[in-house]
Amino acid sequence: MALLLGLGAAALITAAWFYARTAADEAYDRLLLGAAFQMSENLTVQDGVIKFDLPASAFELLGLADSDRIFYRVVTPDGKTLTGYNDLDTGVDLTAHQSQPVIGNSTYRGVDLRHVTVSRVLTQKSGVVWAHVIVAQTLESRRALAAELTTRATILVAIMCLLALAGSAIAVRYSLHPVDRLGRVLARREPQDLTPLDLDVPRELTPFVDSINRFITRLSERMTLMQRYIADSAHQIRTPLTALNAQVSLIDDEKLAPADRRHMERVRRRASELSRFTNQLLNHAMVIHRFDSVQLAPVKLNDVARKAFRAAVPMTVDPDLVVSFEASPEELMVTGDELSLREAIVNIIDNALRHGAKGRLDVKVGRDGDNGFVEVSDDGPGIPPEEWGNVVKRFYSSRSEDQVSGLGFAIAAEVALALNGRIGFREKTEERPFAIHIALPLIEGGQA
Amino acid sequence: MRIFLVEDTHDVGEAICRRFQQAGHTVDWETDGQAASDILSFTEYDLVVLDVMLPGRDGFSILKKMRQSGSGVPVLILTARSEIDDRVGALDLGADDYLVKPFDFRELEARARVLLRRRAGGEATNLITCGDVVLDLSNRSVTVGRREVQLKRREMALLEILASRPGKVFSKEELLDRLFGFDEEVGENAVELYVGRLRKKLEGATARIVTQRGIGYQLVADGA
């Protein structure tokens, strides 16, 4: 943009300089010509002798260019200098008649000159002859005029350039403003928000927004289909799976051969793994789906955590396991969706029950600055810090094929993220057991 | 106890029936929702295990009708529906508990036992306190300081006995009788087992179970 303006300005200034010079030349040439004609008028023939009377008016005329020096030479028809500088040579053929004044440039005594040669026809006895008047002038004034004109033009061009730059900058900014706004709207969007953009944009941007919206709609349809597919298939799996568990539970281990009993035990374990996984898959689909549609509301953290605790710890839990729940003494309110949050906490507790706790599992609700947290600690080996980033990924398994961690932590992490919270881990030390917590920002004031 | 099972999946119904029967209950099993609803309107049961998706009439509607007619029979809902919302819906409609399919059959039995006991018990609604141990008999919960500790039924019973008279020494035989009755055949060390577990769960409390060698056990509050 600036380059283009610069080139344009250079071209304009060059043209201005050129025109200024031409204009200055024309103006001063007229003076020169006028002076030359006046002088040539004063050439007279008296008694066959050519006389020349230098007219003062001619010098007055030339005096308008006050900083310039003037040279002149009057040449008789026989080539002799009647008066003036006899070495003033303009390169014009003085032996021939010039019907038109000849104007040109030359150098005289090391100075650049503009000269004009005018022929004057004189009548002598011998017939018609012609004398010449040469008037020359140094170039200062015309150069000064040309420079002044060029300078003024340059200033004008510069001002115009600046105006153009500023104007186009404003224009660009103004015309890009809707794009900017569109970008901000897109960036501000919740990741789950797949509703079309509803935004006033200039007509030029409408096709752009339309294609974004078409894309969003397609994506949203696909997501919906996918979620429905997952939900439907998980649902379809539930019934036969329940039946499988039911039938397996009827088999009397006592009547089996030792080897068969072992196989039976594996079938049971796999069946319950499959049950758990199906539940996770379905809950995961549900949780994702919920954030699309559910309006978040204030939730009592103690209540949700207690419900999750009751749901997650089965009645058939190992009787040697000490399981406890500690509510926060103050009522902590967070913004959330109760069901999803409960699922998140259930999954953390469930995981601790399955893979962590050996003799003790404690769930605690508390406050840490502006955050409320639910902490699940157990006396198991815990998860090493280098695995923390991985276990929150879907289907990540740190151990052998036997233990698929599945979706538990992924659900918890996704819920935490959707509620502007996070999942955190605390390393096992001598004094403190390993702990996982889900922390959520408290509603202003933190208390109900 | 009489249990009414409404479940249309044969394999599942069969297993539930068999397991409850093995536990000594009488089970009536119905597969059609409408028929089940009719039966419930004139037959009294101790527990109803209700599937949600049923031919004829769905489980929620049966439950609603039961509660509208004033029946207070405990209802355990089995649901395979895809939304967790169902669970909340079930409780709102007056279900006492729910299980999402697929479930663990031992869990079903455990929960059914709780509901049947609640039905038979008619429990007192009072609190027993010893040190910072609080035993809430109405909702069967125990807190140690601010921690709610989950106790098993027998542990709860043991604590209830000991806490009913803090400081009194209960002999092993007395505890054995009161915990298990005369019918069950359990070894003497069963008491030790439960005392051990209970001790572990009361860790950090300001009340302790003290063993009086050769005599028995007592619950003592610190500083008392």
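This is a predicted model: local features need pLDDT of at least 70, side-chain atom pairs count only at pLDDT 80 or more; totals for chains, interfaces and linings use all residues.
Reader: In what order do the five strands of the open sheet in chain B lie?

Author: Strands are DSSP runs of E, at least two residues long, and helices are runs of H or I of at least four, numbered from the N terminus. Two strands pair if DSSP finds at least two bridges between them. Here the order is β2-β1-β3-β4-β5 (chain B), with parallel pairing. Residues are numbered from 1 along each chain as its sequence is written, with chains lettered from A and ligands numbered from 1 in the order in which they are written.

Reader: Which residue is the bridge partner of B:Ile77?

Author: The partner is B:Tyr98 in β5(B). Four bridges join β4 (residues 75-79) of chain B to β5(B).

Reader: And in chain A, what is the strand order of the open sheet?

Author: There, five strands run β4-β3-β7-β6-β5 (chain A), and the pairing is antiparallel. The edge strands are β4 (81-84) and β5 (102-108) of chain A. Twelve bridges join β6(A) to β7(A), and A:Thr117 stands opposite A:Ile134 in β7(A).

Reader: How many residues does helix α1 of chain A have?

Author: The expected span of a helix is 1.5 Å times one less than its number of residues. Helix α1 (residues 2-41) of chain A has 40 residues and reaches 57 Å from first C-alpha to last, close to the 58 Å expected.
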